[in-house]
Amino acid sequence: MIFLDIRVGASVTEAKDLKSMKEGHLLYWKRETEKYLMRRCAYTILHVGRLTSGSGGEYKILQDVDDRLLRSPYSSISQEDCAEVIVQALLFREAQRRSIDIAVGSERGKTDWIDFWTNNANCHY
């Protein structure tokens with residue numbers, strides 16, 4: 001199962017303080033959904049920053065964890081590149097049980113998917 005998290009306006013790290021607030025906060029419930037999936041199924045969770053409509057395949061795709069990409073110059077990804085990450089997640093067993101942030105970097109070229117998926121970092125916010 002692949003769960004695609006497209007961010008709307010705020011960082012998921014801001015959800016830490018939402019537990020003390022009343023029900024209805026989107027980021028809190030998105031994180032609770034992630035934790036539920038992590039306990040119950042094989043999953044790949046992709047956190048996408050700003051999703052663009054530009055063409056894909058021109059730059060290498062980056063991954064990181066815990067919203068670090070959102071605080072960098074690399075916080076967006078095209079719809080085409082996002083779709084490619086989803087397809088690759090279905091092809092690589094190493095993509096299972098992963099929760100990562102994805103964006104496009106500044107280096108031109110193709111993404112090395114073996115290197116991409118063998119980095120075992122996971123989001124832990």
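This is a predicted model: local features need pLDDT of at least 70, side-chain atom pairs count only at pLDDT 80 or more; totals for chains, interfaces and linings use all residues.
Local features were taken at pLDDT of at least 70 and side-chain atom pairs at pLDDT 80 or more, whereas totals for chains, interfaces and linings use all residues. Residues are numbered from 1 along each chain as its sequence is written, and side-chain values use heavy atoms, with hydrogens and water left out.

The chain contains three helices and six strands, assigned as DSSP runs (helices, H or I, at least four residues; strands, E, at least two) and numbered from the N terminus. From the N terminus on, their order is β-α-β-β-β-β-α-β-α. Of the contacts (heavy atoms within 4.5 Å) between residues at least 6 apart in sequence, 78% join residues at least 24 apart. The accessible surface, computed by the Shrake-Rupley method with a 1.4 Å probe, comes to about 7300 Å², and 52% of this area belongs to carbon and sulfur atoms. Buried residues (under 20% relative accessible area; exposed, over 50%; partly exposed, in between; 1.4 Å probe, protein chains only) account for 38% of the 125 residues.

When residues up to four places away in sequence are not counted, Val 85 touches Leu 46, Ile 61, Ile 102, Trp 113, Phe 116 and Trp 117.

Aromatic pairs were defined by ring centres within 6.5 Å, using the six-membered ring of Trp, with planes under 30 degrees apart counted as stacked, over 60 as edge-to-face and the rest as tilted. Three such pairs were found. Tyr 28 and Trp 29 are edge-to-face, at 4.7 Å centre to centre and 80 degrees between the planes; Trp 29 is partly exposed, with a relative accessible area of 40%. Phe 116 and Trp 117 are also edge-to-face, with values of 4.8 Å and 85 degrees. Both are buried, Phe 116 at 5% and Trp 117 at 0% relative accessibility. Ring pairs join Trp 113, Phe 116 and Trp 117 into a cluster.

Asp 67 lies in the loop between strand 4 (59–64) and strand 5 (76–78) and is buried at 0% relative accessibility. Arg 97, in the loop between helix 2 and strand 6, is partly exposed at 46%.
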